[in-house]
Amino acid sequence: MLKLRLSGLSCGACTNFRIPMPIPRSYSNSASSIVLSSIDVKPKVPLYLRPPSFSASLSELAKWHKWAKNLASSVGSTFVTLDNGPDSTLLRRELNWLLQDLIELQHHSKILPRLESSNNENLDVSVALRAPLEEMYCVWRQRIEERRPFQYVVGCEHWRDLVLSVQEGVLIPRPETEMIIDLVEDVALNNAPELAQGVWADLGTGSGAIAIATARALRSHADGDARGRVIATDLSPVAVAVATSNVQRYGLEDVVDVRKGSWFEPLKDVQGELAGVLSNPPYIPSGDISGLQAEVGQHEPIIALDGGTSGTNDLLHLIDGVASMLKPGGFFAFETNGEKQCRFLVDYIQNEKPGRFRDINIVSDFAGNKEKIIADVPVTSTGNGIFPIQSD
């Protein structure tokens with residue numbers, strides 16, 4: 001984790017993170033040759049939020065459950081050996097989560113135990129479902145045979161204290177990215193409470209996870225009537241639609257402004273005025289994409305993963321541009337791909353941006369890997385290394 005302070009300008013963090021689990025996300029990638037259309041996208045409704053408009057008999061549901069459980073069990077440790085993917089134990093746990101989303105909460109205690117028992121009584125009783133069983137056969141086959149991420153199957157991801165909608169085209173937020181919010185609260189807002197009243201930016205917002213969590217943090221640290229706000233940007237129209245939907249579901253429309261565009265482009269009206277800039281950008285080297293877990297490499301939006309030959313294209317773009325965006329004393333945090341990448345970025349800042357950032361340190365991630373750097377400079381990032389930077 002790298003935390004920097006810009007000489008009297010702003011503050012930031014950078015994290016580095018390995019991808020242990022399948023999770024999708026979408027980011028603005030200025031270095032990418034991918035062209036995204038500006039079509040309007042209607043976000044999909046997560047399974048747990050759909051009305052129970054369908055039904056099946058208990059015997060039909062039990063038949064599907066037995067089939068799905070057997071399919072999960074047939075995997076064994078094959079995926080683990082292949083690419084460190086899920087084993088049968090995790091897949092059966094996911095199946096239970098899928099059932100919980102499929103059936104209304106008040107019926108869990110009556111229906112779920114029956115699916116595991118040999119009780120043959122009242123099997124013709126009707127069970128209300130949020131999706132037809134035909135769809136459940138389809139999505140579970142996709143989960144096993146196509147390695148479609150479970151978060152795409154149910155349409156949501158639990159992250160911090162949030163339940164965020166996600167779908168194809170949007171990167172799933174990882175637990176490691178939560179460290180960016182910890183930095184915002186523990187480093188930025190605790191040391192400089194006035195930043196809670198400022199304007200923050202989440203670049204490459206994807207599902208809106210960082211933006212929403214930051215907005216809630218700013219609200220909890222607000223002093224009096226003055227309230228901070230967050231601008232969330234993303235190049236992907238799918239990400240913009242999903243992030244907007246998530247923002248609305250948490251009633252933060254007056255605090256979080258979601259804008260379509262690449263990195264700093266939608267922020268020209270706040271240039272030099274930002275209290276903080278946060279990002280989980282693409283940072284995986286292009287040559288490593290094919291070796292990722294299937295749930296990631298075959299289903300996540302490449303634009304959210306591929307950081308170019310060395311994985312640093314977008315990271316360098318952020319570092320080069322952030323100083324002009326942050327106000328003095330601002331905070332910058334972003335995610336990176338590990339200690340080696342963080343070290344390279346620190347050297348780049350020290351050699352190419354002398355005097356712009358200060359107090360650079362390395363911070364370990366959840367697993368104890370030295371993948372984050374902390375320093376007094378105007379930039380910060382989080383990931384397999386967190387890189388907070390504060391400007392002077």
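Contact, as the word is used in these legends, means heavy atoms within 4.5 Å. The structure is a predicted model, in which local features need pLDDT of at least 70 and side-chain atom pairs count only at pLDDT 80 or more, while totals for chains, interfaces and linings use all residues. Residues are numbered from 1 along each chain as its sequence is written, and side-chain values use heavy atoms, with hydrogens and water left out.

View 1. Leaving out residues up to four places away in sequence, Leu-195 touches Ala-188, Leu-189, Trp-200, Leu-218, Ala-275, Lys-327, Gly-329 and Phe-331. A nonpolar core is a set of buried Ala, Val, Leu, Ile, Met, Phe, Trp, Tyr and Cys residues joined through side-chain atoms within 4.5 Å, where buried means under 20% relative accessible area, exposed over 50% and partly exposed in between (1.4 Å probe, protein chains only). The largest such core has 35 residues, and those with the most contacts inside it are Leu-189, Leu-195, Trp-200, Val-256, Leu-278 and Phe-331. Among the elements that each supply at least two residues of this core are helix H7 (178-191), helix H8 (209-220), strand S8 (229-234) and strand S10 (274-279); helices (H or I, at least four residues) and strands (E, at least two) are DSSP runs, numbered from the N terminus. H8 gives the most to this core, with 8 residues. A second, separate core of 32 residues includes Leu-71, Leu-91, Leu-133 and Val-139.

**View 2. Thr-214 in helix H8****.** Thr-214 is buried, its relative accessible area being 1%. A polar atom of the Thr-214 side chain lies 2.7 Å from the backbone oxygen of Ile-210, which is a polar contact (a pair of N or O atoms within 3.5 Å; within protein, one must be able to donate a hydrogen and the other to accept it, and residues adjacent in sequence count only if both atoms are side-chain atoms). Not counting residues up to four places away in sequence, Thr-214 touches Ile-181, Trp-200, Val-230 and Leu-278.

**View 3. Strand S7 and its pairing with S8 and S10****.** Because 5 of the 5 residues of strand S7 (residues 199-203) are buried, the strand is largely enclosed by the rest of the structure. Val-199, Ala-201 and Leu-203 point one way from S7, whereas Trp-200 and Asp-202 point the other way. Two strands pair if DSSP finds at least two bridges between them; S7 and S8 pair in the parallel sense over 5 bridges, and Ala-201 has Ile-231 as its bridge partner in S8. S7 and S10 also run parallel and are joined by 5 bridges, with Ser-279 of S10 as the bridge partner of Leu-203.

View 4. Helix H3 (residues 88-102) has 15 residues and reaches 21 Å from its first C-alpha to its last, close to the 21 Å expected at 1.5 Å a residue, the expected span being 1.5 Å times one less than the number of residues. The buried residues of H3 are Ser-88, Leu-91, Glu-94, Leu-95, Leu-98, Leu-99, Asp-101 and Leu-102.

**View 5. Ser-126 in strand S4****.** Ser-126 counts as exposed, at 52% relative accessibility. Apart from neighbours within four places in sequence, Ser-126 is in contact with Ser-55, Ala-56 and Ser-57. The C-alpha atoms of Ser-126 and Leu-58 are separated by 6.1 Å, although these residues are 68 residues apart along the chain.
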